[in-house]
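Take a look at the structure shown here. Keep it in view while you read, and find each part as it is named.

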Amino acid sequence: MAQLTVPPEAETLPATAELERAAERAASRRGLLLSLPGFAYLFLFFALPLVIVFVYSFATRSSTGRTILGDWNLRSYARLLDPFVLQIAWRSFSVAAVATVICLVVGYPFAYYIATRRPAVRYTLLVLVMIPFWSNFLVRTYAWRVLLGSGGPVSRLTELLGLGQTRLLFTSTAVMIGLVYGFLPFMVLPLYASIERVDFDLVEAARDLYASGWQAFRRVTWPLTRPGVIAGSILVFIPSFGAYVTPEILGGSRTTMLGSFIVRQFLSARDWPFGSSLSFVVMTVMLVAALIYFRTGGKTL
Amino acid sequence: MSAPEVTRPRGLVERALEANTWLVFAFFYAPIVLLVILSFNDNRVVGTWTGASLRWYREMVGNRAVIGSLQNSLIVASISTIVATVLGTATALALERFRFRGRGVFDGLVYLPVIIPDVTMAVMMLLFFARAAALMHSSIGVSFGLGIPTIALSHVAFNISFVAIVVRARLGGLDPALEEAAADLYAGRWQVFRHVTLPLIMPGVLGGALLALTLSLDDVVITSFVSGPGSTTLPVYVFGLVRRGVTPLVNAVSTVMLLASMLLVLFSLLAQRRAQ
Amino acid sequence: MRTRWITLLALLTLMAAACNSGSPIEGPAGDTPAEGDAAACEEGETDGDLLLYNWSEYIDPELVEAFESEHGVTLTEDFYPSNEEMLARVQSGASGYDVVVPSDYMVSIMIEEELLLPLDRDAIPNWENISDQFLAPPYDPDLEFSMPYQWGTTGLGVNLDAVGEDYEPSWGLVFDADLADEHAGRISMLDDPRETLGAALVYLGYSINSTSEDELAEAAELVAEATGRLAAYSSDQYSDLLMAGETVIAHGYSGGFFAAYDEAENPDQWDYFVPAEGGTIWTDNMAILGDAPHPCTAHTFINFILDAENGAALTNWTYYASPNAAAEENIISEILEDPAIYPDDELMANLQFIEDTGDFEIQYQDHFSRAKG
């Protein structure tokens with residue numbers, strides 16, 4: 001990042017060092033001032049709420065469902081180890097993981113294809129990807145409800161294919177389809193950006209050296225696009241793990257995932273301390289995942 | 001830089017990739033197309049087609065709840081977009097261009113709202129407002145409830161980060177020499193900013209604003225936690241409709257929402273194209 | 001430098017803890033009108049628009065319009081699918097609603113939690129229209145905080161094409177593997193701890209208000225096992241799913257089914273019954289929140305609903321039974337004479353009211369949460 005520099009003439013003056021330091025301090029003050037509104041806002045409306053959730057996770061829940069802010073304890077954290085809770089966490093994790101893998105398997109060839117077209121075609125294809133991406137998420141998820149219902153188009157399709165009637169609605173599979181549908185663009189765009197940056201001269205060279213195109217891909221293209229793969233995976237996994245809307249709309253009440261479970265603690269079970277400890281832990285998991293991403297060389301989100 | 005002829009996938013691989021691409025596009029658009037078609041279904045049961053009609057659109061226009069929630073969505077989205085864009089741009093400039101004490105912590109803080117799951121954020125804001133309301137009531141006797149202000153405040157909280165990240169990416173790609181040269185030409189820092197920096201980062205600022213607008217209009221969980229009576233936004237309303245009972249009314253509202261967001265995207269993409 | 005931030009955070013934590021430490025979270029709901037401090041409103045008085053928090057599909061939109069034009073105010077309605085969710089919202093303070101519609105046992109809970117505003121009878125002269133049997137309910141003996149709204153039963157709605165004309169009128173259709181497995185994946189139950197666990201308790205021969213840990217555990221196990229056969233838990237879509245063919249057996253409220261059947265092309269395809277082992281009879285009531293922003297309009301609304309004609313209009317639309325004796329002459333005979341809506345003495349003997357189990361209440365919620373998986 002640039003610092004406002006001192007005009008060159010000043011370098012010949014004896015008090016240069018003083019001037020430089022003064023300029024630095026002034027710049028630093030300006031920076032501080034500029035950052036203050038944003039920082040103040042985030043502190044008040046983000047950091048503070050976070051602290052409150054943390055504090056609540058140690059509170060007690062009364063017999064009538066109210067939260068008592070005295071009587072601090074670790075009970076809500078102990079509940080996290082309940083096999084029932086772990087089962088829900090595992091379900092969320094596996095559904096999110098599978099959805100991420102599917103997005104990768106489907107999205108990589110897709111992004112690759114787009115990245116290897118002529119620029120004009122590339123642009124059109126990208127716009128066609130962006131349009132559903134920017135459209136309302138809720139609406140796109142809802143679109144699958146009718147598709148997956150009994151007697152719906154998917155069911156009729158499987159009938160045609162001789163697989164019999166299926167009713168995918170209200171199952172884990174439905175949730176997975178919904179997640180893939182919702183987050184595939186999050187995988188495609190970073191992948192595309194990464195593939196596009198590949199210097200294809202290297203690939204050409206690899207082609208000369210290796211026997212097959214596949215080997216060239218495996219040893220050159222794939223490693224080069226790894227940052228994109230990691231970025232895309234994180235961008236799909238994180239929202240999938242804590243998803244609420246998709247499981248609620250497509251999953252019925254039998255396939256409870258973490259998002260719904262947390263909401264339930266606040267809206268119906270009225271166990272705020274437990275809901276808080278859950279929220280906090282889920283957030284920590286995401287943080288760890290994101291840190292891993294940053295460590296493995298990804299720089300931008 | 002596009003792949004030269006010699007390294008483009010060929011033959012079978014090329015055809016497989018092409019097939020995959022078509023399938024993915026079909027996957028993307030088929031549900032949307034079906035959604036739109038079914039909004040014209042005459043039957044109350046969405047899945048059973050009994051003829052075309054515009055009744056759901058008529059009902060939607062006359063439905064006070066729909067219009068009301070649309071209004072709320074627009075109010076919240078515009079306020080939060082404007083505030084978040086201003087604060088986010090300032091944040092990006094501060095972090096990217098200056099060195100000051102506490103920068104590291106601030107840097108980390110800015111990235112958190114992006115990583116945090118919706119549900120956690122919703123919980124955070126609800127608890128915060130509940131405590132704030134209690135505190136204000138007991139200390140100065142003022143009581144406030146959940147409503148449009150609390151929704152807008154929450155939206156700004158996560159949008160600042162998104163705007164900051166987008167603008168920062170744009171700033172990072174700029175050549176600092178441009179600004180240094182401008183520093184020599186112009187009298188003051190503000191002039192440098194106004195005439196050089198701002199136009200250069202404008203695509204980033206607009207991109208960030210668009211992202212903020214979309215995220216605000218899309219939000220369901222956070223909004224439903226911090227909204228009060230009469231302050232339901234459109235996606236929360238649709239979500240409620242979906243949970244309570246599905247009729248083609250939901251399809252009609254969804255179609256309109258889709259149309260609006262698609263137009264918004266096309267418009268912004270065209271505007272960007274023109275700017276380049 | 002880092003220590004400065006840590007100190008700041010620690011200070012804040014202590015502050016947050018210090019505020020009201022030891023006492024339950026009190027939103028404005030907790031420290032406004034103490035009990036005994038009724039609002040002083042006159043009949044027909046309004047002090048702003050009405051904010052109603054109600055079950056879904058529970059009031060005729062035409063009735064809403066009638067209220068609005070008669071009193072010159074706007075009525076905004078929000079919905080909740082269960083008593084517990086309504087309580088959660090109200091308990092978190094600053095909910096902002098005027099009128100809520102809790103069921104019988106929830107009224108006693110809310111009274112105990114001091115969430116309700118004592119009613120001013122002067123503003124509700126139509127209370128005299130209420131039938132004798134609803135004038136002194138166990139949960140609110142003097143009707144000090146609530147007025148009855150609608151009453152009904154909870155049972156099972158079935159698609160006769162799937163279960164056959166001579167189906168077994170028992171909860172076994174859900175809980176008994178022999179009867180239920182053939183419909184696996186096509187059953188729905190209410191997303192309501194008391195109703196669903198209650199059904200299991202009754203099927204096992206226990207009381208719907210059991211406070212025995214063992215009995216409840218047994219019932220929860222039954223529900224957990226049944227969960228595998230369900231399409232969904234839903235408190236507001238049960239009739240839609242049934243009509244759409246997504247389910248063939250649905251646990252739900254009497255009126256919800258009848259309203260749906262009435263709109264169907266061939267109503268004879270469906271039936272509703274209260275299982276032989278027993279079921280729930282419930283009364284929903286109108287109550288005003290302690291921190292209601294418009295208490296006088298709220299009183300006027302309650303009085304409006306208790307009017308003879310309006311009460312009849314309500315029942316004619318919702319298909320639930322009315323507690324309004326004066327309304328009966330305007331209710332369509334089909335509804336009045338249907339034993340499933342207005343149960344006769346024989347059926348009545350089989351029905352139980354859900355009652356507040358005090359400290360044990362939380363057990364129901366926790367067990368249900370687990371059983372749902």
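This is a predicted model: local features need pLDDT of at least 70, side-chain atom pairs count only at pLDDT 80 or more; totals for chains, interfaces and linings use all residues.

Start with chain C. Its secondary structure comes to 17 helices and 10 strands. The chain has 373 residues, and 60% of them count as buried. Now think about contacts along the chain. Take those in chain C with a separation of 6 or more. Of these, 75% are made by residues 24 or more positions apart.

One pair shows how sequence and space can part ways. C:Glu114 and C:Leu289 are 175 residues apart in sequence. In space, their C-alpha atoms are 9.2 Å apart. Find C:Glu114 in the loop between helix H5 (104-112) and strand E4 (146-159) of chain C. Is C:Glu114 buried, partly exposed or exposed? Its relative accessible area is 49%, so it counts as partly exposed. The reason is the cut-off: a residue has to be over 50% to be called exposed.

Next comes a covalent link. How many disulfides does a search of the whole structure find? The search, over all chains, gives 1. This disulfide joins C:Cys41 to C:Cys296, with 2.0 Å from S to S. The link of C:Cys41 and C:Cys296 has an angle of -80° about the S-S bond and is left-handed. Which parts of the chain does the pair tie together? C:Cys41 lies in the loop between helix H2 (28-31) and strand E1 (50-55) of chain C. C:Cys296 lies in helix H13 (residues 295-305) of chain C. The pair therefore ties together parts that are 255 residues apart in sequence.

C:Cys41 has a relative accessible area of 4%, so it is buried. C:Cys296 is at 7% relative accessibility and counts as buried. Over in chain A, A:Cys103 is at 0% relative accessibility, and it counts as buried.

Stay with buried residues. C:Thr315 sits in helix H14 (residues 308-318) of chain C. Its relative accessible area is 0%, so C:Thr315 is buried. What does C:Thr315 touch, not counting residues up to four places away in sequence? The list is C:Gln150, C:Tyr320, C:Ala321, C:Ser322, C:Ile331 and C:Ile335.

Now compare a residue with contacts in two chains. C:Glu246 is in the loop between helix H11 (238-244) and strand E7 (249-253) of chain C. At 9% relative accessibility, C:Glu246 counts as buried. Leave aside its neighbours within four places in sequence. In chain C, C:Glu246 is then in contact with C:Gly185, C:Arg186 and C:Leu241. In chain A, C:Glu246 is in contact with A:Gly149, A:Ser150, A:Arg167 and A:Leu169.

The last stop is a pair of helices from two chains. Two packed helices are described by the angle between their axes and the distance between the axes. Helix H7 (residues 172-196) of chain A packs with helix H1 (residues 11-38) of chain B at an angle of about 125°, and their axes are 11 Å apart. H7(A) is therefore oblique to H1(B). The crossing of H7(A) past H1(B) is left-handed.

Which residues meet there? H7(A) brings A:Val180, A:Tyr181, A:Leu184 and A:Pro185. H1(B) brings B:Val24, B:Phe27, B:Phe28, B:Pro31 and B:Ile32. By class, the contact of H7(A) with H1(B) has 9 nonpolar residues, no polar ones and no charged ones.

Note on methods. Residues are numbered from 1 along each chain as its sequence is written. Chains are lettered from A and ligands numbered from 1 in the order in which they are written. Side-chain values use heavy atoms; hydrogens and water are left out. A disulfide is a pair of cysteine sulfur atoms within 2.5 Å. Helices (H or I, at least four residues) and strands (E, at least two) are DSSP runs, numbered from the N terminus. Buried means under 20% relative accessible area, exposed over 50%, partly exposed in between (1.4 Å probe, protein chains only). Axes are lines fitted to C-alpha atoms, for helices over the stretch in contact, and angles run from 0 to 180 degrees between N-to-C directions. Angles under 35 degrees count as roughly parallel, over 145 as roughly antiparallel, 65 to 115 as roughly perpendicular and the rest as oblique. A crossing is left-handed if the near helix is turned anticlockwise from the far one by less than a right angle, and right-handed if clockwise. Contact means heavy atoms within 4.5 Å. Ala, Val, Leu, Ile, Met, Phe, Trp, Tyr, Cys and Pro count as nonpolar, Asp, Glu, Lys and Arg as charged, and the others, Gly among them, as polar.
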